[in-house]
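Please work through the following exercises with the sequence and the model in view. Each task is followed by a solution in steps.

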Amino acid sequence: NDLFIKVFEDLLWHLALVFWRKKIRTKILSSIRKELIERLEQSGVNTKGIKEEKLSNILDGKVIAITGSVGKTTTKELLFTIMSSCSKAHATSGNYNNYVGIAHTILTTPRDAEYIIVEIGMNHMGEIGKCSRAIRPNISIITRIGTAHIGHLGTREAIAKAKLEIMEGMSESGTLLIPHGEELLMGAMGETVSIVDTNADFCLAPLESSCGGTTFVFQGYGKEIFREKASIIGDGNLRALSFSIACAIKSGIDSKRIRESISGISSNNFRQKYMGWKGRLIIDDSYNASLESIVSSLELMRYFSGRRCAVLGDIHELGAQTQSIHFQVGAEAARLGIDLLFLHGVYSPYIKKGAVLSGIPESAIFKNTNLSDLHTTVAAIKSHSRPGDIILFKASHTCRFSTLINELIFEENS
């Protein structure tokens, strides 16, 4: 509720003072910590690790803040892999990127951490700015301006404005990294990052890609820095890696150490999980969804041989653009060569319409608008897919696709 949010906003301001002004008395930190722990416990957070932290634990490291409509968590995970192999680093756990999560990240940071990587999410205007002023980042990353939460903010222009609040806590000497070519961020005076355009300040240019990974050359300010192969595929994941390498370079990490750290990247760094089911390959990317993240996931399928099947569900918080964005999802599925569509959700008719008008035959689309009826969707997948198929699962968390996948695999083992 509003009171709960207000308490956390006030606590974050106090935390900023406590952690960044070392002369504040430990007893003040103790008082704030006690109140925050109570609030965290009320939210169901396990505070055992926080209670065991020393009260004199004050952050001295550089803070890196990451926000964006898509790719925040992947960028954070890849950056943490790089930084932790080269230094003492601490990062947001999972995608715990709201007020509670940011406070949790700060309170659990080891005193000797050299780099603190904080993922910042948002639903409304003003939220990122308050977090930025509290943590005072040395480097900030905006991964992308998309359509997530457009139902709250109305336009991509407003979303860009909200993301740019990440600069509010930065000093004049701080660094902002932004996606190259994003017109809505042109006035931000940030350094640009790309995976294609070598005119960007930093560019990761793929040379060769297969399901085993991508060989690339990384350039900075027009000069080649190194070449390497990473266990990464897909434009979205490569974009996250490009931001991570650029951030590590701006943090002063030697390029040789960065290159060596890339060997530590594995599938554990990504939300997509791969598993087999009766001769099919399942790609589970079902935690959450936006138009942009769905497109990135659909693009992944081109790296695998076999029929491309996608199980797609609803996207939430789209407001007046709900119909049009779901229509675009269907159109993108057709553009990216999806052979079979299994649609599960209230907005399935709009996805189907976009897919049919863009070339997918109606006979290749199976629709279920009853969110609670997982069985019908499972039955359709079981009946119409075949060994050798690649099956992607992608939807907002409320569509319960993780449960749907479990039911599918349970049938095999029953």
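The exercises below treat a helix contact and aromatic pairs. The model is predicted, so local features need pLDDT of at least 70, side-chain atom pairs count only at pLDDT 80 or more, and totals for chains, interfaces and linings use all residues. Residues are numbered from 1 along each chain as its sequence is written, and side-chain values use heavy atoms, with hydrogens and water left out.

**Exercise 1.** Determine how the axes of helix α4 (residues 72-86) and helix α9 (residues 235-250) cross.

*Step 1.* The two axes, which are lines fitted to C-alpha atoms over the stretch in contact, come within 8 Å and cross at roughly 45°.

*Step 2.* Angles under 35 degrees count as roughly parallel, over 145 as roughly antiparallel, 65 to 115 as roughly perpendicular and the rest as oblique. Therefore α4 is oblique to α9.

*Step 3.* The residues in contact (heavy atoms within 4.5 Å) include Leu 78 and Ile 82 of α4 and Leu 241 and Phe 243 of α9.

**Exercise 2.** Classify the aromatic pair of Phe 218 and Phe 226.

*Step 1.* Rings of Phe, Tyr and Trp (its six-membered ring) pair if their centres lie within 6.5 Å; planes under 30 degrees apart count as stacked, over 60 as edge-to-face and the rest as tilted.

*Step 2.* Here the centres are 6.0 Å apart and the planes lie at 20°, and the pair is stacked.

*Step 3.* Buried means under 20% relative accessible area, exposed over 50%, partly exposed in between (1.4 Å probe, protein chains only). Phe 218, at 0%, is buried, and Phe 226, at 5%, is buried.

Technical notes: Axes fitted to C-alpha atoms, helices over the stretch in contact; angles between N-to-C directions. Helix = DSSP H or I, 4+ residues; strand = E, 2+ residues; numbered from the N terminus.
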